[in-house]
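Here are a few exercises to work through at the viewer, each followed by a worked solution. Try each task before you read on.

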There are 2 protein chains.
Amino acid sequence: MISNHKNNSPIERLVSELHKLPGIGPKTAQRLAYYLVRISKDDAIKLAESIKAVKERIDFCSECFDITESNPCRICSDNGRDKTRICIVEEPLDVRALEKTRSYSGTYHVLHGVISPMNDIGPDNLRIDALFQRMKLLEVEEIIIATNPNVEGEATALYIQRLLEPFQVKITRPARGLPVGGDLEYADEVTLSMAMEGRQPF
Amino acid sequence: MISNHKNNSPIERLVSELHKLPGIGPKTAQRLAYYLVRISKDDAIKLAESIKAVKERIDFCSECFDITESNPCRICSDNGRDKTRICIVEEPLDVRALEKTRSYSGTYHVLHGVISPMNDIGPDNLRIDALFQRMKLLEVEEIIIATNPNVEGEATALYIQRLLEPFQVKITRPARGLPVGGDLEYADEVTLSMAMEGRQPF
């Protein structure tokens with residue numbers, strides 16, 4: 001514990017608030033707090049205000065649960081997007097990553113997490129029910145399950161895939177294989193065997 | 001550049017503000033911003049308010065230039081501290097580190113940086129003049145130059161040591177040697193040779 005809330009000076013409170021952020025340990029929190037003391041008041045206020053603005057102006061899209069300023073979000077309200085395809089992702093950041101590729105013109109569905117018994121997160125904590133509500137309303141042809149290619153992501157994908165079976169919808173997932181720019185020599189065995197299994201005509 | 005200030009949504013602005021913090025790269029800034037979207041509004045407001053509080057309530061001590069809520073700071077206004085000793089440090093965090101040891105009962109002087117021609121920081125950008133003003137007013141017996149044991153810290157220490165020569169004051173610096181808990185085998189050559197040179201009776 002860095003912060004003792006009995007003698008909490010502003011700097012100690014700031015350190016303890018920063019320490020709550022993910023990936024920010026006690027030392028980094030302290031370094032950031034002292035940095036914020038040093039910079040101009042204007043710059044610090046800008047940061048504080050932008051945190052507030054995000055909480056005041058950002059909400060979740062009622063359809064895909066991506067974060068958005070307007071509801072439904074830009075993607076869900078875009079008639080140019082293919083509404084028959086839904087790509088399921090874990091986090092809003094995954095939507096940003098996929099949008100950057102410009103290779104997908106369907107819609108998304110953000111789960112806001114993965115099934116993780118270790119962290120006490122079950123299917124009920126995710127936006128899975130809402131996905132089925134959407135599927136009843138829309139004529140969906142393809143569901144792309146793009147959870148992360150790790151244990152929890154795969155388990156969540158499997159869980160959703162089983163629930164989707166009665167819907168008679170095409171279920172796909174992004175290809176597993178060698179990352180571009182990577183070295184075959186350094187690829188792990190699972191990736192390499194998946195790349196071999198999924199080999200494609202040249 | 002992550003942020004394009006032409007289409008700056010609140011989230012993009014927050015990412016760009018977070019990215020300005022030291023040690024926070026574009027990916028971490030994005031991750032933190034999305035984390036702040038996810039947490040409760042109360043928690044986010046607490047962080048924003050604690051940043052503002054720091055700027056509004058924290059100032060520099062007019063004597064030692066440590067950060068403080070009251071001027072002079074707690075250490076400078078404490079009559080139990082030995083005013084004949086001044087320990088020169090680079091940053092307020094160094095004062096915190098030394099205070100934790102409870103092995104020093106003198107006062108401090110915070111330079112707020114080191115001489116670093118690469119970063120365009122010369123002696124005039126540091127609180128060196130203020131140190132000499134203090135020395136004229138107080139009867140100082142010992143100056144401990146506790147800048148960091150790296151190139152810039154050593155250069156700054158040397159610079160200050162030369163300026164202090166006319167004052168006929170004892171100038172010391174913290175011992176160099178093997179860190180406790182470290183391995184002799186893994187100590188770098190400079191540290192090891194300093195540890196041997198500065199060897200002490202058992």
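**Exercise 1.** Is E17(A) buried or exposed?

*Solution.* E17(A) has a relative accessibility of 9%, so it counts as buried. The cut-offs are under 20% relative accessible area for buried and over 50% for exposed, with partly exposed in between (1.4 Å probe, protein chains only).

Some ground rules before we go on. This is a predicted model, where local features need pLDDT of at least 70 and side-chain atom pairs count only at pLDDT 80 or more, while totals for chains, interfaces and linings use all residues. Residues are numbered from 1 along each chain as its sequence is written, chains are lettered from A and ligands numbered from 1 in the order in which they are written, and side-chain values use heavy atoms, with hydrogens and water left out.

**Exercise 2.** Find which side chain meets E17(A) in a salt bridge.

*Solution.* Start with the rule: a side-chain nitrogen of Lys or Arg must lie within 4 Å of a carboxyl oxygen of Asp or Glu. Side chains of opposite charge can pair when their charged atoms come close. Here the partner is K20(A), with N to O at 3.2 Å. K20(A) is partly exposed, because its relative accessibility is 43%. Run the search over the whole structure and you get 20 salt bridges across all chains.

**Exercise 3.** What does E99(B) pair with, and which parts of the chain does the pair link?

*Solution.* First, the partner: E99(B) forms a salt bridge with R81(B), and the closest N and O atoms are 2.8 Å apart. Next, the places: E99(B) sits in helix α4 (residues 92-101) of chain B, and R81(B) in the loop between β2 (67-68) and β3 (82-89), so to speak 18 residues away, and the pair links distant parts of the chain. Helices (H or I, at least four residues) and strands (E, at least two) are DSSP runs, numbered from the N terminus. Last, accessibility: E99(B) is partly exposed at 25%, whereas R81(B) is buried at 13%.

**Exercise 4.** Which residue does D82(B) meet in a salt bridge?

*Solution.* The side chain of D82(B) meets that of R85(B), N to O at 2.8 Å. R85(B) is partly exposed, with 28% relative accessibility. In chain A, salt bridges that share partners join D82(A), R85(A) and E142(A) into one network.

**Exercise 5.** What rotation and shift superpose chain A on chain B?

*Solution.* Superpose by least squares on the C-alpha atoms of residues with pLDDT of at least 70 in both copies. You get a rotation of 180 degrees with 0.0 Å of shift along its axis, at an RMSD of 0.1 Å. The two copies are therefore related as by a two-fold rotation axis. In chain A, the C-alpha nearest that axis belongs to A48(A), at 2.2 Å. The same surface serves both copies, since 100% of the contact residues of chain A recur in chain B.

**Exercise 6.** How many residues does each chain bring to the contact, and how much area do the chains bury?

*Solution.* Count residues with heavy atoms within 4.5 Å, which is what contact means here. That takes 45 residues from chain A and 45 residues from chain B. For the area, sum over both parts the accessible area (1.4 Å probe) that they lose on being put together. The chains bury about 4,500 Å² between them, 71% of it on carbon and sulfur atoms. Now the charged pairs: four salt bridges cross the interface, and E49(B) and K52(A) also meet in a salt bridge, N to O at 2.5 Å. On the side of chain A that touches chain B, the elements giving two or more residues are α1 (10-19), α2 (26-38), α3 (41-57) and α4 (92-101). Of these, α3(A) gives the most, with 16 residues.

**Exercise 7.** Where is K52(B), and what does it touch?

*Solution.* K52(B) is in helix α3 (residues 41-57) of chain B, and it counts as buried at 14% relative accessibility. Leaving out residues up to four places away in sequence, K52(B) touches I45(A), A48(A), E49(A) and K52(A).

**Exercise 8.** How many residues of helix α1 of chain B are buried, and what do they pack against?

*Solution.* Seven of the 10 residues of α1(B) (residues 10-19) are buried, so the helix is largely enclosed by the rest of the structure. Among them are I11(B), L14(B) and L18(B). The buried residues pack against α3 and β2 (67-68) of chain A, together with α2 (26-38) of chain B.

Methods:
Buried area = accessible area lost by both parts, 1.4 Å probe.
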